Amino acid sequence: MSERLGVAPWTAAVPPPVLLAAGEENPMGSENPMGSENPMGRPTDARDRPSPLGRPHPRVEGSAKVTGVALYASDTRLPRLAHAALVTSTIPRGRITGFDLAAAEAVPGCLRIFTHRDFAGAIRPVKHLMAGGHANSGHRPLDSDAVAYAGQIVALVVADTVEAAREAADRAVVHYRRDDFADGFDAPGSETVRLADLKPKHHDPRRGDADSALVAAEVTVAARYETPIQHHNPIELFTTTCAWDGPRLTVYEPSRYIGAVRHGLAAQLGLDPADIRVVAGLIGGHFGAKFALAQYTAPVALAARALGRPVSLVPSRRDCFTIANYRPETRHDIRLGATRDGRFTALVHEAEVIASRFDPFAMEGTDVTASLYACPNVRTDERAARVDRNTPGPMRAPPEVPYLFALESAVDEMAHALKLDPIALRRRNDTLTDPISGKPFSSRPLMACFEAGAEAFGWAERDPEPGRMRDGPWRIGLGCAASVRPVKIAPATMRIGLGPDGRATVASAHHEIGNGITTLLALGAADWLGLLPEAVTVRLGDTDLPAAGLSGGSSTTTSLLHTLAQGCESLRVRLAEAAVAGPLAGADPASLRLESGRLAAPDGRACPLDMLVAGLHPGGIETVAAFTPEGSGPEALEAIESGRMALGTGAGSQAVSWAFGAQFAQVQVHAETGEIRVERLLGAFAAGRVLNPLTARSQLTGGMIWGLGSALLEETILDRGHYRNADLAEYLVATAADAPEIEALFVPDPDDTVNPLGLKGLGELGIIGVNAAIANAVFHATGRRIRALPIRVEDML
């Protein structure tokens with residue numbers, strides 16, 4: 001890599017693993033230093049090791065991250081690099097009437113200040129990714145004098161240093177004409193539309209006559225539940241660095257869909273996508289943000305071209321609240337009817353979410369709530385309130401976190417009304433078929449999760465009457481909730497190679513977002529090519545590599561591992577054909593297996609892998625695998641190759657495929673002060689085949705801690721169109737000090753229908769249902785039903 005490139009795509013050679021017996025936990029808790037000897041004193045030859053898949057293995061990139069060697073896009077340092085800062089609007093809606101930039105331009109080192117006067121017409125429109133385009137928002141902030149929302153980019157300051165750029169941005173003065181605006185639900189001027197009118201493919205799930213069934217129901221629950229605005233706050237900010245080399249543009253940007261950045265930017269700037277390279281490197285967290293093409297990339301690229309030098313933008317934390325996406329506030333009217341013995345007879349779920357004026361995008365979630373439990377009569381109705389704010393976007397488990405908070409709270413209220421145990425009520429309404437489509441679930445271990453979790457949590461000790469469990473001045477409450485998420489899978493392409501030295505390489509334009517996909521690819525290649533994991537090098541995060549889609553929807557593992565398996569099988573077939581033409585003559589090519597660095601026949605004959613590879617080509621062999629999920633046509637691959645959305649569901653048309661879990665929470669609420677403490681969280685999860693229990697458990701427990709934040713801490717305060725607590729001093733996120741005793745259990749979930757490898761994905765499963773479990777526990781402790789998040793001390797007083 002030349003010095004000019006600054007940050008490479010993420011490349012990882014796998015360090016030696018700690019070898020564990022079946023089911024044994026990692027005694028070190030982290031990987032060995034690269035090159036160290038096996039501390040367990042066990043054999044290191046591949047033929048003496050069990051299959052690496054399904055066994056705990058430390059993260060490949062872990063050492064680089066904890067030692068500070070790992071490079072992120074924000075670390076990009078190029079010759080003559082200039083630095084940008086943003087000026088953002090101070091009004092929610094209106095027009096820019098003028099600028100006073102003399103003081104800003106006088107700052108030593110200030111190179112230029114770009115406004116809409118420089119870029120109007122230079123940035124072409126691109127649609128939202130989920131509307132067939134490439135962008136996280138169709139809004140172009142420097143295209144005109146119009147101000148669409150508070151915090152919109154209105155000027156880009158570029159200087160020789162970060163400090164000069166920020167000082168000049170602070171000195172820039174913008175004059176406005178203010179217009180009326182609407183910033184939230186029920187605000188004058190907001191426009192409420194049916195989601196089906198906003199999104200042509202949306203449908204509101206329905207079955208039977210829910211309204212009549214509610215009238216006839218023996219027991220009913222009716223309530224409104226609300227969730228607040230929440231913002232992503234990854235450690236790595238929303239940065240970009242743009243550098244031109246003649247007509248070619250290189251962008252270093254932490255994005256979870258670099259293909260969308262490449263093709264969207266090409267459309268915006270009128271370039272050939274082949275002239276744009278996007279490098280993500282390692283990504284310092286996204287959690288749903290860093291979504292497709294951002295609004296700031298094109299202005300930074302144009303500034304770099306105008307100045308003839310690379311330009312880097314590292315925005316402030318406050319800027320990140322308005323230049324990216326967020327989880328919008330939601331409200332849910334739930335009406336649930338049941339017989340006196342606890343059979344659901346009717347469900348109505350009316351939901352409303354916030355959307356922007358300029359994008360046909362809103363998160364939808366009643367497809368999950370309508371299908372979770374057996375119910376003969378269901379009606380859903382989803383609406384969006386279009387307001388003068390930036391476009392919302394996915395945040396981990398985008399619809400399930402708010403929508404299941406409402407449903408699982410209502411189910412708990414029904415259990416209390418019926419004087420039934422909450423788990424018993426869920427068991428009574430479990431179903432093996434989707435009540436809306438009538439299709440079977442490919443597997444349905446929901447109650448197995450509740451049973452395993454209840455036993456480990458000690459649910460049987462729960463006093464059914466709220467407010468009776470105490471420890472001195474502390475009231476004790478136990479609550480539970482379901483965690484479910486539909487399985488997603490996407491097309492992908494990948495290059496897999498075998499060198500004459502017996503090493504393998506795996507390369508794809510996907511992303512290492514911190515979820516451990518690098519490790520899984522190394523383990524999968526080792527398993528299917530008969531190698532040691534440390535003989536595999538993985539390259540990710542560069543559009544020069546074979547195309548892959550979005551990192552999201554818990555689809556990364558399901559998509560990439562199937563692509564890898566397909567590519568490894570292609571190499572095996574090629575090697576087998578060569579072997580039966582030579583050293584393994586007479587053997588059935590289909591019977592030959594790669595194992596322990598050789599190709600082996602059932603009769604005991606074997607041929608070294610390096611000899612076979614060298615015989616085929618002295619430089620090694622490779623294949624490019626192209627995977628499409630069942631039911632997808634060639635248009636799915638064409639979509640990812642052009643940077644568009646292509647995300648399908650698990651078992652296609654055969655069945656409904658979900659991952660499942662059961663969340664349990666124990667809280668303490670002080671009888672006098674109202675202080676709320678979460679003492680324990682336990683989750684039991686069934687998510688198909690688990691490939692690396694070590695990293696999977698980390699994913700789940702991390703999500704559970706974030707779920708605690710969703711229940712008690714996270715809320716963006718909106719005041720007249722402005723986000724007032726746009727920093728980590730006042731926007732509260734869960735810290736290590738907030739984390740309680742926490743445990744994640746795996747429940748077996750063999751599913752041969754969902755996909756050939758039985759994978760379901762679990763990255764988002766851990767956060768779902770935690771907020772409802774905590775709210776239900778608070779009710780059990782106090783008898784107070786809190787239906788609006790976050791739950792605060794004042795709610796207890």
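Reader: Which residues of helix 4 are buried?

Author: The model is a predicted one. Helix 4 covers residues 162-171. A residue is counted as buried when its relative accessible area is under 20%. In helix 4 the buried residues are Ala164, Ala165, Ala168 and Ala169.

Reader: Why do the buried residues of helix 4 line one face of the helix?

Author: In general, an α-helix has 3.6 residues a turn, so residues three or four places apart point the same way. Viewed down the axis of helix 4, the buried residues line one face because they fall within an arc of 130 degrees.

Reader: Which exposed residues does helix 4 carry on the face turned away from its buried side, and what do its buried residues pack against?

Author: The buried residues of helix 4 pack against strand 2 (82-88), helix 2 (102-105), strand 4 (110-114) and strand 6 (153-159). The face turned away from the buried side carries the exposed residues Glu163 and Asp170.

Reader: Which strands are the edge strands of the open sheet of three strands?

Author: The order of this sheet is 5-3-7, with antiparallel pairing. Strand 3 (residues 94-100) pairs with strand 5 over two bridges, and arginine 95 has alanine 146 of strand 5 as its bridge partner. An edge strand pairs on one side only, and the edge strands here are strand 5 (146-147) and strand 7 (173-178).

Reader: What is the mean pLDDT of the protein?

Author: Over residues 15-47 the pLDDT is below 50. Of the protein's residues, 94% reach 70 or more, and the mean pLDDT is 93.

Terms used. Residues are numbered from 1 along each chain as its sequence is written. This is a predicted model: local features need pLDDT of at least 70, side-chain atom pairs count only at pLDDT 80 or more; totals for chains, interfaces and linings use all residues. Side-chain values use heavy atoms; hydrogens and water are left out. Two strands pair if DSSP finds at least two bridges between them. Helices (H or I, at least four residues) and strands (E, at least two) are DSSP runs, numbered from the N terminus. Buried means under 20% relative accessible area, exposed over 50%, partly exposed in between (1.4 Å probe, protein chains only). The arc is that of the directions from the helix axis to the C-beta atoms. Contact means heavy atoms within 4.5 Å. pLDDT is the predictor's confidence in each residue, from 0 to 100.
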